Amino acid sequence: MPVQRQNARIIDPMPNFSDEFPLAPGLCYLNHAAVAPWPKRAGEAVRRFAEENLGIGARDYPDWLKVEKRLRERLMRLLNASSSADIALVKNTSEALSFVAFGLDWRPGDQVVISDEEFPSNRIVWEALKPRGVEVVQVNLGGSDPEGALLAACGPRTRLLSISSVQFASGLRLDLPRLGAGCRARGVLLCVDAIQQLGAQPLDVQACDCAFAMADGHKWMLGPEGLGVFYCRSDLRERLALHEFGWHMLEHAGDYDRPDWQPARSARRFECGSPNMLGAMALEASLSLLEEVGMAQVAALIEERVLQLQEGLQRLPGVRLHSPLNPGRRAGILTFSRDGWDNQALFAGLRERQVVCAQRGKGIRLSPHFYTEPAVIEQSLAALGQLRQG
Ligand SMILES: Cc1ncc(COP(=O)(O)O)c(C=O)c1O
């Protein structure tokens, strides 16, 4: 029987996930927006992979390829892409953004619209196009209608709107379907840095009319660093000029004697050489957990934890919240500061009390995941309440 929890959300009875996350006792891990701990099954997959490599090397490589295929399919489902051919496995978000930036055929005077809160990866890559005459327009998201402001900045010279669907510091979540429809109406490509959303909230690249989306696996997807996903809409694949070449990206990869070649028709064309198989083992296992729980459930549980944090913080004197209070406007990030407190001192005090968090933007960024126990949230709030200045 589903159980009804606060705010009338229906949440299925939850298995206990603490077994999946054997974190050190007393540790309050509220830093999934930075680098997440792995679930046990990811650790086991890596351990098994190490044992296999020690014992028989790559004798059973075809089995590894099956895991890689499963990973691509899991990522396809997570993004609701129409085919796993739309999915490339990449090093990280920055690499995928660079594929787009240096793949499109810019003309001098073209514009890219971004926000003024972007993580450096989604700003620098566009600014690097300055020698080609591309102009970057930064839009302030602080008003009551950030999507309206972004779309209003898209003029006749705008080719692309590139935006983090959840801002890394404030945690503001944008209305992607609205941005997608607005971009389509204006003939603008929508590029989504999804790293702060994918694995925390459902994301549907088709419903959002995304041209491109990218994310690394080490945050909300609970994987290791160094393996990410690049979604490229099928009709745009051949419009991105390639700048990395090798055997793996070829349509006939593995036919080593063939003199002629062409890039793969699928998004594998963006994967020039040997894959990060070690990372694939771990990320595939991590995503299996998210799929088991279900993204609607993951998102609902994260919102419960964020709400618990919000209510606890609001009880403390002098706390200022720098993240949206409306659940429809956030994902897993809650950033706060305290009057009279230096953020660095707050961060250091929390770290000393075993609360793993980050100092970002205007304050301290807390980011629980679906498995975070309510007791861990209470313990973190208690640690914060105990801090004394000076
Ligand atoms: C919004 C955003 N984009 C990109 C990154 C990092 O990108 P990469 O996967 O290239 O390390 C971060 C990391 O904090 C981020 O918050």
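User: In this predicted model, where does Gln354 lie?

Analyst: Gln354 lies in the loop between helix 9 (343–352) and strand 13 (355–356).

User: How should I read the phi of Gln354?

Analyst: As a general idea, most residues other than glycine have a negative phi. Gln354 is not a glycine, yet its phi is positive, at about 75°. With a relative accessible area of 36%, Gln354 is partly exposed.

User: Which phi value does Asn80 have, and where is Asn80 found?

Analyst: Asn80, also a residue other than glycine, has a positive phi near 50°, and it is found in the loop between helix 2 (61–79) and strand 4 (87–90). Asn80 has a relative accessible area of 32% and is therefore partly exposed, since that class lies between the 20% and 50% cut-offs.

User: How is a pair of aromatic rings described?

Analyst: The description uses the distance of the centres and the angle of the planes. In this structure, a search of the whole model finds 14 aromatic pairs. One of them joins Phe17 and Phe370, with 5.1 Å from centre to centre and 80° between the planes, and this pair counts as edge-to-face because the angle is over 60 degrees.

User: Which parts of the chain does the pair of Phe17 and Phe370 link?

Analyst: The pair links distant parts, 353 residues apart: Phe17 is in the loop between strand 2 (10–11) and strand 3 (28–29), while Phe370 is in the loop between strand 15 (363–366) and helix 10 (374–386).

User: Are Phe17 and Phe370 buried or exposed?

Analyst: Phe17 counts as buried at 10% relative accessibility, and Phe370 is buried with a relative accessible area of 1%. Ring pairs also link Phe17 and Phe370 with Phe21 and Tyr371 into a cluster.

Terms used:
Residues numbered from 1 in each chain as written. Predicted model: local features only at pLDDT ≥ 70, side-chain atom pairs only at ≥ 80, totals over all residues. Heavy atoms only, no water. Phe/Tyr/Trp six-rings, centres within 6.5 Å; stacked < 30°, edge-to-face > 60°. Helix = DSSP H or I, 4+ residues; strand = E, 2+ residues; numbered from the N terminus. Buried < 20%, exposed > 50% of the residue type's maximum accessible area, 1.4 Å probe, protein only.
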